[in-house]
Amino acid sequence: MTARDQGPGPVDLLAALFEGEGGSEYLGEAVTQGGHMLQAAALAEAAGAPAHLVAAALLHDIGHFHGTVTGRDLMEGGLDNRHSHTGADWLAQWFGPEVTEPVRLHVAAKRYLCTAEPGYFDLLSEASVHTLRVQGGPMTEAQARAFEALPGAADAVALRRWDEQAKDPDAAVPDFDSFRPLLEGLLVRA
């Protein structure tokens with residue numbers, strides 16, 4: 001049996017998600033879900049981030065496409081869809097922890113930054129303020145110290161900053177296919 005007989009590969013599956021669900025509205029923001037993730041990856045790339053972190057930025061909200069609670073449920077019903085965990089767990093079938101852990105921790109990083117950096121909360125969009133409440137609000141000081149000790153916490157904080165900036169409806173961003181070689185180079189299982 002050839003690879004072609006086995007169906008689409010992981011990067012093809014991701015591309016299909018960007019083309020499908022990625023075109024839907026992004027939780028009350030002025031960009032689509034896919035556009036938001038592409039912007040985050042472009043910001044990471046422009047900042048000179050290593051390949052694994054560019055991939056994490058590109059894929060950080062993939063969990064909104066999976067699970068029993070959708071991104072719409074998060075916004076309308078106030079139910080935390082735990083998209084960071086859902087996405088990281090799903091991506092772990094193909095990518096290592098250097099990609100999945102920043103994805104897993106990017107919501108916690110928002111909660112952390114709201115505690116650790118005075119003024120960070122004021123940078124959040126209206127939708128991010130809403131989801132922050134649903135996701136548990138700012139961390140306590142003890143939670144913030146515990147977060148800082150986690151492997152991948154620094155990468156998650158960097159990802160979180162790009163995440164919040166990646167909501168410009170007029171931003172010119174590369175398409176998904178421009179990230180294919182980067183993603184394919186990071187696959188640990190196909």
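Helices here are DSSP runs of at least four residues, numbered from the N terminus. In this predicted model, Thr100 is found in helix α6, a stretch that covers residues 97-116 and also holds His106.

Take Thr100 to begin with. Its relative accessible area is 3%, and buried means under 20%, so Thr100 falls on the buried side of that cut-off. Leaving aside residues up to four places away in sequence, Thr100 touches Ala88, Leu91, Ala92 and Phe95.

Further along α6 sits His106. With a relative accessibility of 1%, His106 counts as buried as well. Its contacts, again not counting residues up to four places away in sequence, are with His60, Asp61, His83, Ser84, Ala156, Leu159, Arg160 and Asp163.

That brings in the packing of α6 against helix α9. Two packed helices are described by the angle between their axes and the distance between the axes. For α6 and α9 (residues 153-165), the axes come within 7 Å and cross at roughly 75°. Angles of 65 to 115 degrees count as roughly perpendicular, so α6 is roughly perpendicular to α9. On the α6 side, the contact is made by Pro102, Val103, Leu105, His106, Ala109, Lys110, Tyr112 and Leu113. The α9 side supplies Ala153, Asp155, Ala156, Val157, Leu159, Arg160, Arg161 and Asp163. Sorted by class, this α6 and α9 contact comes out at ten nonpolar, one polar and five charged residues. His106, then, is both a buried residue and a part of the α6 contribution to the contact with α9.

Key: Residues are numbered from 1 along each chain as its sequence is written. This is a predicted model: local features need pLDDT of at least 70, side-chain atom pairs count only at pLDDT 80 or more; totals for chains, interfaces and linings use all residues. Side-chain values use heavy atoms; hydrogens and water are left out. Helices (H or I, at least four residues) and strands (E, at least two) are DSSP runs, numbered from the N terminus. Buried means under 20% relative accessible area, exposed over 50%, partly exposed in between (1.4 Å probe, protein chains only). Contact means heavy atoms within 4.5 Å. Axes are lines fitted to C-alpha atoms, for helices over the stretch in contact, and angles run from 0 to 180 degrees between N-to-C directions. Angles under 35 degrees count as roughly parallel, over 145 as roughly antiparallel, 65 to 115 as roughly perpendicular and the rest as oblique. Ala, Val, Leu, Ile, Met, Phe, Trp, Tyr, Cys and Pro count as nonpolar, Asp, Glu, Lys and Arg as charged, and the others, Gly among them, as polar.
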